[in-house]
Amino acid sequence: MDDRVYIFDTTLRDGEQAPGFSMTTEEKLQMAMQLARLGVDIIEAGFAIASQGDFEAINRIAKEVKGPVICSLARAREEDIEVAAKAIEPAERKRIHTFIATSEIHMKYKLRMEPYEVLERIRRAVSYARNFTDDVEFSCEDATRSQRDFLYKAIEEAIKAGATVINIPDTVGYAVPEEFGKLIEDIINNVPNIDKVIISVHCHDDLGLAVANSLTAVKHGARQVECTINGIGERAGNAALEEIVMALRVRRDYFGELFTGVDTKELYKTSRLLCRITGSFVPPNKAIVGDNAFAHESGIHQHGVLSHRLTYEIMNPEDVGFPVSRRIVLGKHSGRHALKQKLEEYGIQYSEDDLNRIYERLKALADKKKEVYDEDIEALIYQEFMKL
Ligand code: KIV
Ligand code: ZN
């Protein structure tokens, strides 16, 4: 099995679908350019038939963004597939992603279709999509709540009809890691010709398990992960791209030789671009890209990190492009050790009295302000030593 894990970014489709995250064509284009710089393998640029705006954005991205495969979502219907094909037409490399639900609850209440009709739709949609591109992904929507034998059959039919990627979505974020990993393993062991296609996973975060489920699936043989920047997406969101990529990288001892093509130094920038465009923010404690992800305030932690980074940091902030100035936060729990380090960084000659005096002022400031950043300390040092 190949060691490469393909990163399929759906920020512009499943992410953008969430309330508060809609983007204009121009904004989607900017975001897609940055995703290309980040090095994702596939950009799902939208759902072409959903609206004229979606169609135009996909089409612009297909024309102007080079590098990643450009993909449009399409229901398992000929009309959807035609519109998707038209939207991605100018792309150098293009994919149609077609889907239909395979769980009893979706088939009965949403599709109002019998299982045999769903199988027929899969056969027709996948083979129709192959007329437009030889890269066709098929998703069994609500796979994790689908009856097992029917799920195997649906996947088998999609492969027979020409699908090159089979996606297993945890549409409602219902799965738990061990169970989801076993599902991937069972699919590998029970579906004929599954070794001819890439197995993908697409996890939602309703129980806060999207990243854990995706990583467990990879450990069991999935080689494409669908995810979004900052984990945005329907309801509680999708698996966060930055967390998946960094987990695979930081825990090579656990995941083995698995790798992605992502340039991790672009992660922070990409996260902040999305925030600027959508007017959203990431919580300060968000893994990898939150403001506090590499901030150490407690004196013990600061002393540790300053003595040896690995005492409290499992990854290098520079590796995710985290800005240096936001790293050490001096606050009321901070130690003198950190302040000394700052003074030395600024090349200031100081006595023990100076240190005590500034330390007291710093604590008083921290009481009022909660967090003290480099800029505040610079101002304090300036006042103390330049006698302003
Ligand atoms: O969550 C889901 O099932 C989806 C599919 C369209 C892949 O977004
Ligand atoms: Zn989804």
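**Reading a predicted model: domain span, strands and ligand shell**

Tutor: In this predicted model, the end C-alpha atoms of residues 5–268 lie 21 Å apart, and that span is 45% helix and 18% strand. The range comes from UniProt, where an unreviewed entry lists it as "domain: Pyruvate carboxyltransferase".

Student: How many helices and strands are there in the protein?

Tutor: The protein has 16 helices and eight strands. Its C-alpha trace spans about 85 × 40 × 35 Å along the principal axes. Of the 388 residues, 45% are buried.

Student: Among contacts between residues at least 6 apart in sequence, what percentage join residues at least 24 apart?

Tutor: For the protein, that figure is 73%.

Student: Let us turn to the strands. Which strands are joined to β2 by bridges, and do they run parallel or antiparallel?

Tutor: Strand β1 (residues 6–9) is joined to β2 by two bridges, and the pair runs parallel. One bridge partner pair is F8 with I42, the latter in β2. Strand β3 (residues 69–75) is joined to β2 by five bridges, again in parallel. There, F47 has L73 of β3 as its bridge partner.

Student: What unit do β2, helix α3 and β3 make?

Tutor: With helix α3 (residues 52–64), strands β2 and β3 make a β-α-β unit, and this one is right-handed.

Student: How many of the residues of β2 are buried?

Tutor: Six of the six residues in β2 (residues 42–47) are buried, so the strand is mostly covered, given that a residue is buried when 20 or more other C-beta atoms lie within 10 Å of its own.

Student: Now the ligand. Which residues are around ligand 1?

Tutor: The shell consists of D14, L73, F99, S139, E141, N167, P169, T171, H202 and H204. By class, the shell holds three nonpolar, five polar and two charged residues.

Student: Which residues does UniProt list for "binding site"?

Tutor: The unreviewed UniProt entry lists D14, H202, H204 and N238. These residues span 225 residues in sequence, but no two of their C-alpha atoms are more than 10.2 Å apart, so they gather at one spot.

Student: Where is H202 found, and is H202 buried or exposed?

Tutor: H202 is found in strand β7 (residues 198–203). H202 is buried, because 30 other C-beta atoms lie within 10 Å. Apart from neighbours within four places in sequence, H202 is in contact with S139, N167, P169 and E226.

Student: Where is N238 found, and does N238 count as buried or exposed?

Tutor: N238 is found in the loop between β8 (224–227) and α10 (241–250). N238 counts as buried because there are 33 C-beta neighbours inside 10 Å. Leaving aside neighbours within four places in sequence, the contacts of N238 include D14 and H204, two residues that the UniProt entry also lists for "binding site". Other contacts of N238 include T10, G15, C203 and C227.

Student: Is α10 largely enclosed or open, and why?

Tutor: Helix α10 is largely enclosed by the rest of the structure because eight of its ten residues are buried. The buried residues are L241, E242, E243, I244, V245, M246, A247 and L248. What covers them includes β1, α9 (210–219), β8, α11 (252–255) and α12 (267–278).

How values were computed:
Residues numbered from 1 in each chain as written. Chains lettered and ligands numbered in written order. Predicted model: local features only at pLDDT ≥ 70, side-chain atom pairs only at ≥ 80, totals over all residues. Near = placed C-beta within 6 Å. Nonpolar A, V, L, I, M, F, W, Y, C, P; charged D, E, K, R; others polar. Buried ≥ 20, exposed ≤ 12 C-beta atoms within 10 Å, placed from the backbone. Helix = DSSP H or I, 4+ residues; strand = E, 2+ residues; numbered from the N terminus. Pairing = 2+ DSSP bridges. Right-handed = clockwise from strand over helix to strand, strands pointing away. UniProt positions renumbered as here; feature names shortened; annotations may be inferred. Contact = placed C-beta atoms within 7 Å.
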